[in-house]
Amino acid sequence: MLANQIGYYSLILGLLLSVLLCGVSIKDFNNTNKQINQNILSLSFLQLVFVIVSFLSLIISFINSDFSNETVFNNSHTTKPLFYKISGTWGNHEGSLLLWLLVLTLFIFLFLVKSREQPKKYRILTLLFQQIIIIGFFLFVLMTSNPFNYLFPIPNEGLGLNPILQDPALAIHPPILYLGYVGTSIIFSSSLAAVTQNYVSRQWGQHIKKWVLVSWIFLTIGIMLGSIWAYYELGWGGFWFWDPVENVSLMPWLTLTALLHCIVVLERRAALTSWVVILSITTFTLSMCGTFLVRSGILNSVHTFANDPARGIFILVFLFALIVLSLGIFFIFHKENSKSSNNFFWLSRETFILINNWFMMYFLSVVLIGTVYPIFLDVISSEKISVGPPFYQKLIVPFLIPFLLFMSLGPRLKWIKSKIENKNSLIITFIISVILTFFIIKNLTTDLLFYTVLISAAFFLFFTTLKELLIKKFNNISQTISHFGFSLLILSILFNSILSSEIITNIQIGERYDYDKGEIFFKKIEEKKESNFKSIIASFEIKDKNGKTIELKPEIRIYNQPIIITSEADIRTTLLEDKFLVMNLVKGNEYFNIRYQIKPFMVWIWISVLLLSLGGLMSLFKRKI
Amino acid sequence: MKNKFSLFIIVIFLSFCFVIFYKGLNTPNNYTPKINEKKNIPIFKAKVFNSDSYINSDEIFEENIFYIVNIWASWCVPCRTEHPLLMQLSKNESIKLIGLNYRDNFDNAKKFIDDFGNPYSRILIDKDGTLGVEFGAYGVPETFLINKNKNIIKKFVGPINQEIVNEIKLIIK
Amino acid sequence: MKVLKIFIILFLVTSFSGLKFAEASDVLKNKILKNVRCLICQGQSVYDSESEFASSIKLIVDRKINEGLKEKQIYQFLREKYGDWVIFDPQLNKNTYVLWLLPLLLFLLGGAIIKKKLKN
């Protein structure tokens with residue numbers, strides 16, 4: 001009860017602090033002091049504290065199962081385990097908005113602390129732009145999505161949390177994702193500040209790069225956690241479905257990656273300034289747009305929060321206001337650099353980064369158009385269509401071929417003007433890649449030509465980056481590791497997709513099922529009762545051709561609140577392959593339907609994403625040259 | 001000049017997007033397939049309830065009156081709530097009801113009919129759900145209104161209510 | 001004797017091609033099922049789903065393949081019953097020209113811009 005009050009008033013105080021901060025900052029702006037008013041830092045810290053207090057109050061309400069709080073009532077239940085009571089705090093619309101505010105206020109405070117050598121006016125403007133966003137979110141929460149609404153009379157029990165959300169990966173997926181996703185706000189604010197101050201320079205590039213890297217690393221890992229959750233929890237063995245909410249997290253990642261590459265150019269040559277500003281604006285805009293698409297009810301997805309058009313209208317207006325503001329500032333203040341610095345020689349690293357942008361923007365357009373087109377079509381002509389995985393695969397996969405090749409060549413080029421060194425070794429590597437690919441896959445697939453070209457390109461990138469790592473060229477190791485990780489990612493995904501096999505069959509207890517690679521024996525089932533669900537745990541013995549046996553125990557769970565039946569897969573993971581078994585009830589029979597999948601190289605998909613992030617992490621901690 | 005032009009284009013484009021998204025918020029999200037185009041009834045052969053014989057679709061719909069095809073099952077709870085309304089409709093002379101017993105057990109279905117009454121002039125058996133697919137159904141209960149030209153003119157997903165019954169009565173006058 | 005040999009060979013050939021036919025149609029069936037949306041599930045394909053609707057569709061697709069329908073015809077059949085929404089791969093028709101062509105146009109546009117920039 002008390003927590004409710006504290007939480008609510010902390011939010012109000014936080015909002016008031018925003019207003020105060022804006023006032024103090026504007027006054028300090030024209031002050032001739034070289035240093036920023038120290039009060040500003042203290043006020044920013046205080047604002048962060050208020051948001052933390054509010055967030056903690058909600059967590060406490062969840063832990064105490066305080067059902068006088070409407071959010072707790074809607075999303076929790078007394079029988080939920082403690083860990084999921086806590087993580088349920090941010091697993092709903094209102095609570096996750098508190099997470100938004102937390103990251104927004106945290107990042108601006110950290111920015112102020114870590115930017116002491118930066119020009120004062122630039123820092124103040126960054127704060128102001130960020131406060132505009134923060135005020136918008138405070139208003140959004142207080143006006144349409146208050147996490148501290150009272151319920152009277154107080155219910156005895158809550159409505160519970162969807163059991164598929166009760167999973168460790170999903171518990172930490174939002175915080176990590178938001179650190180990336182919402183963290184792009186600081187890039188947005190600081191870019192706008194830099195533009196108005198004509199500060200989009202090499203020095204600014206070096207300074208902002210850290211922030212871009214931090215957001216990028218968290219966003220990459222956040223997306224990976226979401227995929228891992230989908231793989232382990234949703235029970236179909238897939239890890240990416242081109243679902244609108246997944247797409248919405250991928251789009252800022254694409255622009256953020258492009259931005260990262262442009263910052264590298266900006267650092268060195270003070271070029272591509274327009275790109276940097278536009279990408280900074282676009283990345284955060286896409287984050288906001290994603291928030292709109294997911295929370296307004298305009299899209300149907302397994303992920304969407306409760307539909308509420310009122311919330312949708314607020315975010316829509318807020319989003320477009322930010323777009324208008326940022327584009328307005330860009331057009332008014334941005335000064336194009338002297339023509340010469342933006343001219344690149346065609347064979348240079350800068351050009352290839354420009355080419356990277358080109359491809360990234362293309363991939364972005366595919367994902368964006370695929371995601372929002374159904375909305376446009378529905379409004380204009382009332383026709384409803386689905387845009388599913390085949391669309392994205394057809395438009396993206398072929399373009400990966402030139403993309404991978406450019407990615408292999410680009411880093412080998414020098415800045416400004418270059419020629420390709422060691423042409424012969426490159427050609428040899430390419431030929432080896434093609435031959436290797438051909439022999440590996442010639443018996444595996446019918447689409448031989450296409451896959452040969454695609455996998456060869458991936459192998460080419462793999463070998464060129466591997467070579468850089470092995471001959472110990474340490475001057476660009478972070479980039480090499482990331483690119484190596486990317487090649488590994490493409491290779492793992494492709495081989496996993498080609499080599500995976502699946503058996504679907506109905507089977508009874510005690511029955512043995514023979515398939516071409518071995519045998520499945522349905523040994524027994526046992527029933528178990530946990531605090532908030534009952535489970536039927538099956539025991540299967542899977543024997544392969546070599547006689548090796550493993551035991552897999554998929555489960556069917558019947559949750560009590562809300563009453564939902566889920567299937568929990570059992571997955572045996574090794575470096576070589578994942579063995580995946582999931583079981584479903586067949587209505588009215590003693591048969592169980594099972595799906596057994598053998599998925600080679602599955603774990604390498606996660607490993608390669610970690611390598612990708614590792615490169616970013618190494619770049620973050622590299623000492624400045 | 002180039003800047004002003006691109007600015008203009010961007011403003012137009014953004015306004016367009018804003019309007020679309022705004023309207024998109026207000027359009028309903030549940031997928032209800034368009035039943036504006038008149039669809040012909042499917043051609044099929046089905047097993048008749050309570051017997052071993054099969055019957056063709058043209059025989060079922062041979063009379064020159066309105067027909068209702070109602071997909072139901074004994075295990076379907078909302079079917080029970082709509083059943084009295086179906087009984088009401090069956091008393092109407094201008095319409096005949098055809099029941100589609102969906103993925104059901106014969107004994108349970110028979111008990112359902114014995115307990116709650118039989119509004120259907122004919123009941124067909126759809127043991128595996130494929131006949132429902134021919135009608136474009138995806139669950140139970142669903143109800144289709146068929147006119148004298150053998151077109152499906154209305155589809156109702158979920159149990160019918162009094163409003164729907166009134167609508168049907170108006171159409172079949 | 002000769003007749004028996006011929007008979008055995010014919011029998012083997014037809015049963016072998018029958019086997020191949022089953023395999024090929026299985027591959028086709030799975031390809032189609034992965035492209036059909038399970039209308040009562042949340043974003044799952046019929047292939048991934050064990051729901052009742054999914055099993056009905058699986059039977060229907062099986063039946064249609066055995067009747068000799070091609071992939072496009074089966075999609076057309078399902079579209080007629082349920083609307084375009086039931087198929088994940090948006091067909092190229094007047095509704096979807098913009099969907100498919102706009103990204104490609106943007107790609108070409110981007111390429112042109114870069115080429116111009118480098119020429120300068």
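Okay, let's start where chain C meets chain A: across that interface the rule finds two salt bridges, a salt bridge being a side-chain nitrogen of Lys or Arg within 4 Å of a carboxyl oxygen of Asp or Glu. Before I go on, this is a predicted model, where local features need pLDDT of at least 70, side-chain atom pairs count only at pLDDT 80 or more, and totals for chains, interfaces and linings use all residues. Side-chain values use heavy atoms, with hydrogens and water left out.

So, which residues pair up? D89(C) and K394(A) join through their side chains, at 2.6 Å from N to O. Then E50(C) bridges to R595(A), with the closest N and O atoms 2.8 Å apart. That pair runs from the loop between α1 (2–34) and α2 of chain C to strand β10 (residues 592–600) of chain A; helices (H or I, at least four residues) and strands (E, at least two) are DSSP runs, numbered from the N terminus.

Is R595(A) buried or exposed? Buried, at a relative accessible area of 3%, while E50(C) is partly exposed at 28%. Buried here means under 20% relative accessible area, exposed over 50%, and partly exposed in between, with a 1.4 Å probe and protein chains only.

Now the whole contact, meaning heavy atoms within 4.5 Å: chain C brings 32 residues and chain A brings 38. Together they bury about 3200 Å², 66% of it on carbon and sulfur atoms; that's the accessible area (1.4 Å probe) two parts lose on being put together, summed over both.

Technical notes: Residues numbered from 1 in each chain as written. Chains lettered and ligands numbered in written order.
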